[in-house]
Amino acid sequence: IDWTPFSRLFYPPPPSFQTTLTIQLGFAVCSNVALVDPESGRPTRTGYKFTEAGEKVRVSRGGTVIPFPEWTRKKPRQTAVGPKCTSESDVNKVTYQGGGFAASNVEM
């Protein structure tokens, strides 16, 4: 969705002028946007289903599969280990030895 005239502002008239209607360009509210069904070309509601292969697909009310758009990150996530990262030995260290209030009151 590009910039579209969605905001209409009415200004009260000064004593000797008429009412002013100003249309501002703004973003559409996502609840006012619907996907287009590829078969009918009309706006439709959608749901999600899983294929036999286990892939999640978006389906229109008419049963048409609507493909997800191609998407890539603008800024890729940092995966390099840096100085602020927790070391692997600290991550895997066992700090809880059991016992305590919760473990003593559990009957098995």
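**View 1. The salt bridge of the chain.** A salt bridge here is a side-chain nitrogen of Lys or Arg within 4 Å of a carboxyl oxygen of Asp or Glu. By this rule the count is one salt bridge. The model is predicted: local features need pLDDT of at least 70, side-chain atom pairs count only at pLDDT 80 or more, and totals for chains, interfaces and linings use all residues. Residues are numbered from 1 along each chain as its sequence is written, and side-chain values use heavy atoms, with hydrogens and water left out. The bridge joins K93 to D90, with 3.7 Å between the closest N and O atoms. Side chains of opposite charge can pair when their charged atoms come close.

View 2. Buried means under 20% relative accessible area, exposed over 50%, and partly exposed in between (1.4 Å probe, protein chains only). K93 is exposed, at 52%. D90 is partly exposed, at 43%.

View 3. Strands are DSSP runs of E, at least two residues long, and helices are runs of H or I, at least four, numbered from the N terminus. Two strands pair if DSSP finds at least two bridges between them. β5 (residues 46-50) and β6 (residues 56-60) pair antiparallel, over five bridges. T46 has S60 of β6 as its bridge partner. Five residues lie between the two strands of this hairpin. In the turn, G54 has a positive phi of about 90 degrees.

**View 4. The open sheet.** Three strands make up an open sheet, ordered β5-β6-β7, with antiparallel pairing. β5 and β7 (65-66) are the edge strands, each pairing on one side only. Strands of a sheet pair through backbone hydrogen bonds, either parallel or antiparallel.

**View 5. The chain around these details.** The chain holds two helices and seven strands. Along the sequence the pattern reads β-β-β-β-β-β-β-α-α. Of its 108 residues, 8% count as buried. The chain exposes about 10600 Å² (Shrake-Rupley method, 1.4 Å probe). Carbon and sulfur atoms supply 56% of that area. Contact means heavy atoms within 4.5 Å. Among contacts between residues at least 6 apart in sequence, 11% join residues at least 24 apart.
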